[in-house]
Structures are given as structure tokens and as C-alpha cells.
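Have a look at the sequence and the fold first.

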Amino acid sequence: MIKLSRLIKTVSLCSVLVSGLSFADDLPSVKTTMFLEQEGFLMWYAKEQGWDKELGIDIKLEISRTNGVDEMNKHRENPDVWNITAASSIPFIIGSSKMDLKIIGMACDEGPSTSVMVRKDSDILKVKGYNRDYPEICGSPETIKGKTFLVKGISSGAYTLAAWLDIFNLNFSSVVIKDITGPEILKEMENKNVEGAGLWSPDTYESEYIGYHKVTTAANIDEYIPIMFLADNDYVKDNEETVAKFLAVYIRAVEKQREDAAQLVPSYQKFLKQYTGRDFSESICLKDLKDHKIYTLNEQLAMFESKDNKKSEIHKIQRALTAGLMLIMKDMPSQNPNIRIANHLKDDSYITDKYLKLAKKYSKY
């Protein structure tokens, strides 16, 4: 009798487990590609907590180490590769041609964590204050001209490098630019055959391990690097509630960081170890979390709102970045085939707050 009772319990438990798995498989899913950086971590953390399942969706998350233009190209070749991604406005502006994408939300501002790194023995570090408007920034035309710098395509790192060069009345034609994507960029830097690179975290921290020093961040030279949630329009039209829940899940992770960033440090260390194989200190992880400006749902709604027929703050940011990109791209290597300016940027409807508004009913914040 006891054995029969145990058998019944075991069969019942197995039925519950199988039922649970079937339920998870039946949840509306959203394919998401995010990068190996702070906002990618926040979504990874939300997945670890099961917050997507709590709202009845399945966020299928992929963490990428390439760059935004590569992700734009992947989606152009295969629209099913992701439904939503998070990338800086820069690859979106220059890489989303012939794709119907919407900006549906704001992940963060990574200006304070996107940097120009140079070798610790570089002559560039010996000169400071060449430009009186930026007295703490190192470098001079004489120490920079002709040097070799690495970038990950047309990315936020490349944009920051160009903005830094502009301080010295230089541009990409004044230096040698090598385009190397993925983790291979760090391997190339280890060879010491380059002067520096335009990078974002955690590559900035990894480059410090191999002997590089931060010259500037984008924020230090008054540049704003917004990371936007970009969604395939065909997908969002057919999955409005799933998209709203997706944003609500991310906002929940944002609020967790706003509440106390230190509590996320052990999880951030685990995330970085998983995807880089390297151990990052508590202090570095905490600094990186704090170096990314994040926005609550209400703050985002305010940024996306258009009042009195005037453009929203997000529209103005996109316009300013587009103008800046036009200036630096004329000096980029002409052989780069990935530069495809998006014609739809002329139509303001590519920015929408529809899904942020829908997310309110799924958010506690």
C-alpha cells in the first residue's frame, strides 16, 4: 500500500513537470539579441529570475559579442533571426536600410562606459589639455597622427573615437583605422601592434588587463550614446501584448538596479564569467552598472512624448546623432560595405511610445 502510494505521487509529480514544460513551450515567445554589456545583463538577470514566465511570455535571449551593424545585416538577410534587439542608435541609423524597424524603448545611455583606450606606454598620455575646452583629455595632433586604432565596425566605439579625434581637429583620415569585430579585437590589441581602440564595456575592462589605459569616455567629451530597443515592425504589429510584456520585464530589472546596484554584482560577475571566461572584480562590476544611465517606465514615457507638435526628446537625440554621423562617415574607409543609411529615418513614425504605454498595465513601477 505504501509503495502504491509513492508510485501514485511519483506519477503525479511527473505529470506536473511534463505539464509545466508543455506550458512553457506554449508561451508566446520573442527572439531577442542583446550584447555582452550591462543592458544584456539586465535582460539575462530577468530571465534568471523567471520574470518573463511570470508575465506569460518566453524571452529567447541570445548574447552577442559582435556589433550593431552586424546584427542589422543578420536581420536583413533573415528577419526571423531576432524580433527585438538592443543596440546603440549609431548602427541603427547607418545599418537598418531596407528594414522596417521601430524604436520602442530605451535600454540605457552607455556614454560613460564607451571609451577610447590607448597603450599605457603611449605618447598620447604624455600630453594633456591641448584643447582648452577639455583640459583633462590627453593627446595632441603630433602624438596621434598616423597611429593605428581598432574599431568594431561603425559602432558607438568608432563614434567615440571620431569625437575624440575631433577635439584635436583630426579625423579618421589622420590615423589608420582597422575594423576587427568580436573578441578578436582584444587578441589584436594583445599583439601591441596598435596604439588604441574605440571600445565599450566589458571590452574596456578586458583591455586594461592587457595593458591599455582609458583616454576618454564618450560622456567626458559631451557625447550621448543611447541604447535603443529596436523591433521588427511585422512582429510587433502581430504581438502587441508580448512586446509590452517584454518591456515590462526589462523595466523590472531596471528598477532592481535603481533600488540597489550592489545587490546585482554577484549576478553580473556570473554573467561576465559565463560569456568572457574572465573573472571581474566586485568594484569593476559595480562601477560598470553605475556607469550606465537607466530609465524608469515613466522617465521613458516622458522622453518619447511629443508635446504641442514639437519633437520628442528621443527624436531630437536621433536627429543630432544622425547629423554627427554624417560628418564622421565621410572619413571612414570607403571599402566598408555595411554602411546603408536608413531612408525611413526621415519619417518620424519609426519612433513609437505605443508599447511603453501598453507596458504600464504589466509593470508594478
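This is a predicted model: local features need pLDDT of at least 70, side-chain atom pairs count only at pLDDT 80 or more; totals for chains, interfaces and linings use all residues.

Residues are numbered from 1 along each chain as its sequence is written, and side-chain values use heavy atoms, with hydrogens and water left out.

**The chain overall**

The chain has 16 helices and ten strands; helices (H or I, at least four residues) and strands (E, at least two) are DSSP runs, numbered from the N terminus. Of its 365 residues, 56% count as buried. Buried here means under 20% relative accessible area, exposed means over 50%, and partly exposed is in between (1.4 Å probe, protein chains only). Contact means heavy atoms within 4.5 Å. Among the contacts with a separation of 6 or more, 81% come from residues 24 or more positions apart.

**Helix H2 and its two partners**

H2 has twelve residues and reaches 17 Å from its first C-alpha to its last, close to the 16 Å expected at 1.5 Å a residue. That expected span is 1.5 Å times one less than the number of residues. Nine of the twelve residues of H2 are buried, so this helix is largely enclosed by the rest of the structure. The buried set is Gln 38, Glu 39, Gly 40, Phe 41, Leu 42, Met 43, Trp 44, Tyr 45 and Ala 46. Gly 50 follows H2 and has a positive phi, near 75 degrees.

Two packed helices are described by the angle between their axes and the distance between the axes. The axes are lines fitted to C-alpha atoms, for helices over the stretch in contact, and angles run from 0 to 180 degrees between N-to-C directions.

| Helix pair | Axes come within | Crossing angle |
|---|---|---|
| H2 (residues 38–49) and H12 (residues 265–276) | 10 Å | roughly 105 degrees |
| H2 and H11 (residues 240–259) | 9 Å | roughly 105 degrees |

Ala, Val, Leu, Ile, Met, Phe, Trp, Tyr, Cys and Pro count as nonpolar, Asp, Glu, Lys and Arg as charged, and the others, Gly among them, as polar.

H2 and H12 are roughly perpendicular to each other too. Their contact is made by Gln 38, Gly 40, Phe 41, Trp 44, Tyr 45 and Glu 48 of H2 with Ser 267, Tyr 268, Lys 270, Phe 271, Gln 274 and Tyr 275 of H12. The classes in the contact of H2 with H12 are six nonpolar, four polar and two charged.

**Around helix H12**

Which residues of H12 are buried? They are Val 265, Tyr 268, Phe 271, Leu 272 and Thr 276. These residues cover an arc of only 115 degrees around the axis, which puts them on the same side of H12; the arc is that of the directions from the helix axis to the C-beta atoms. Their cover includes H2, strand S2 (58–64), helix H9 (203–209) and helix H13 (282–290). Just after H12, Gly 277 takes a positive phi of about 80 degrees.

Glu 282 is found in H13 and counts as exposed at 56% relative accessibility. Leaving out residues up to four places away in sequence, Glu 282 touches Val 265 and Gln 269.

Most residues other than glycine have a negative phi, and most peptide bonds are trans. Asn 169, not a glycine, has a positive phi of about 60 degrees. Asn 169 lies in the loop between helix H7 (156–167) and strand S7 (176–179) and is exposed at 68% relative accessibility. Asp 222 isn't a glycine either, and its phi is positive at about 65 degrees. The peptide bond from Ser 201 to Pro 202 is cis, with omega near 5 degrees.

Definitions and conventions
Angles under 35 degrees count as roughly parallel, over 145 as roughly antiparallel, 65 to 115 as roughly perpendicular and the rest as oblique.
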